[in-house]
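Okay, thanks everyone for coming. Let me put the thing up on the screen, and then I'll walk you through it.

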2 protein chains.
Amino acid sequence: MKIAEPTVERLVQYHRLLEQLVAEGQKVVSSQEMGEMLSFKASQVRKDLSYFGEIGKRGVGYHVDRLHKHISRILASPRKWSIGLVGVGKLGEALLGYKAFQSEKFRIEALFDVDTDKIGKDIQGIPCYSSDAISEVVREKKIEVIIITVPGTAAQHVADKALQAGTVKGILNFAPVSLSVPGDVLLAAVDISVELEKLLFFLKHKDE
Amino acid sequence: MKIAEPTVERLVQYHRLLEQLVAEGQKVVSSQEMGEMLSFKASQVRKDLSYFGEIGKRGVGYHVDRLHKHISRILASPRKWSIGLVGVGKLGEALLGYKAFQSEKFRIEALFDVDTDKIGKDIQGIPCYSSDAISEVVREKKIEVIIITVPGTAAQHVADKALQAGTVKGILNFAPVSLSVPGDVLLAAVDISVELEKLLFFLKHKDE
């Protein structure tokens, strides 16, 4: 099953929305409602969900609970992924405290920083190591995913050192630079400033 | 000129990359190089740039400086946008200190929080108001863009109050929920957990 990235993104968003609806006690939901809440077309919602084997009842819609469980299974992890986070500044600390990061799908096993006040301590219960030791610690702890929250100038160097360990399969990059990694390493980026730039660009065009 | 969102996103990424190349002193760049560094196809790069009036020289490529200036003009703001940030927790503070947020295109004019220790103080030089006063302060300061960094449960309420002011044209949402806003309000979302979920999903499929 080869699934395109935008489809996975929508799947994650359906899942999130269904979690909300389950919590609110809603029993059924139509493709129109889901589409409106997520800014997708209803036809897109129907197409995506039927691709994953769920067909709504005409005039009724989807059973919220069943659909939620179905998508949960698709997104489920076969095991807990082991994650390392490099850069325990404000953004790194914000992520550690972020509710969506308290997931059963992974465990943050190690932190890395250059600040000697942080190295050797536990931060939010996780040991912090020197950034000089990334390769060794990542290899020893068999860390598979690296989250990078260092300044842009340090990001490529950090990625290179983590990849030297030979255990890293994916990188989530928050630094505002493009990283180059070998083709077999999955790379995802959260680019805060790109979204803001896009918003300002569209505002300008609305203004004109 | 109506430009699709993915095109604007790529434009912002070309601009970012060219900034890097200018700083590094590189004089020319080919569509192949740009494509490799950004994980786009070279044909996509050529198509995008020619759409904006830049045609590279066969066998040479684009002049880095000229292309950088050209895209800067397209992305330029006609004036400084006035921004308000709601939720001065760790993520909010991380954004205030984030280098890419030190832009000439906008100014963060007001912060809002529910924490009485923060209300009435200046944080990183910006006054912090009570979240109860969002509508009034946003109207008074003619704030056009709201950045939301509150927990998911509070995000819709915060958006509603800001929109009541009648001056807000765009929202950048960091809360992990879908907001509903009137059709004439631009909505952009940075969803940290969606990117992580996507990465884990693809890792799982690689494993199988």
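Let's start with a helix pair inside chain A: α1(A) and helix α4, residues 64-75 of chain A, pack at an angle of about 140 degrees, with their axes 9 Å apart. That angle makes α1(A) oblique to α4(A), and the crossing of α1(A) and α4(A) is left-handed. On the α1(A) side, the contact is made by L11(A), V12(A), Y14(A), H15(A), L18(A), E19(A), L21(A) and V22(A). Facing them from α4(A) are V64(A), D65(A), L67(A), H68(A), I71(A), S72(A), I74(A) and L75(A). If you sort the residues of this contact of α1(A) with α4(A) by class, you get eleven nonpolar, three polar and two charged. As for the spacing you can see in those lists, an α-helix has 3.6 residues a turn, so residues three or four places apart point the same way.

Before I go further, keep in mind that this is a predicted model.

Helix α1, residues 5-24 of chain A, packs with helix α8, residues 192-207 of chain B, at an angle of about 120 degrees, and their axes are 10 Å apart. So α1(A) is oblique to α8(B) as well. The crossing of α1(A) and α8(B), though, is right-handed. Which residues of α1(A) meet α8(B)? They are E5(A), V8(A), E9(A), V12(A), Q13(A) and R16(A). Across from them in α8(B) you have S193(B), V194(B), E195(B), E197(B), K198(B), F201(B) and F202(B). By class, that contact of α1(A) with α8(B) has five nonpolar, two polar and six charged residues. Notice V12(A), by the way: V12(A) is in the contact with α4(A) and also in the one with α8(B).

That brings us to how the two chains relate. Two copies of a chain are related by a rotation about an axis and a shift along it.

Chain A has 208 residues, and 51% of them count as buried. Of the contacts in chain A between residues at least 6 apart in sequence, 58% join residues at least 24 apart.

Next, a helix in chain B. Just after α7(B), G166(B) takes a positive phi of about 85 degrees.

Last thing, backbone angles. Most residues other than glycine have a negative phi. S39(A) has a positive phi near 60 degrees, and S39(A) is in the loop between α2 and α3 of chain A. Buried or exposed, this S39(A)? S39(A) counts as exposed, because its relative accessibility is 65%. K142(A) also has a positive phi, near 50 degrees, in the loop between α6 and β7 of chain A. K142(A) is exposed, with a relative accessible area of 60%.

Conventions. Residues are numbered from 1 along each chain as its sequence is written. Chains are lettered from A and ligands numbered from 1 in the order in which they are written. This is a predicted model: local features need pLDDT of at least 70, side-chain atom pairs count only at pLDDT 80 or more; totals for chains, interfaces and linings use all residues. Side-chain values use heavy atoms; hydrogens and water are left out. Helices (H or I, at least four residues) and strands (E, at least two) are DSSP runs, numbered from the N terminus. Buried means under 20% relative accessible area, exposed over 50%, partly exposed in between (1.4 Å probe, protein chains only). Axes are lines fitted to C-alpha atoms, for helices over the stretch in contact, and angles run from 0 to 180 degrees between N-to-C directions. Angles under 35 degrees count as roughly parallel, over 145 as roughly antiparallel, 65 to 115 as roughly perpendicular and the rest as oblique. A crossing is left-handed if the near helix is turned anticlockwise from the far one by less than a right angle, and right-handed if clockwise. Contact means heavy atoms within 4.5 Å. Ala, Val, Leu, Ile, Met, Phe, Trp, Tyr, Cys and Pro count as nonpolar, Asp, Glu, Lys and Arg as charged, and the others, Gly among them, as polar.
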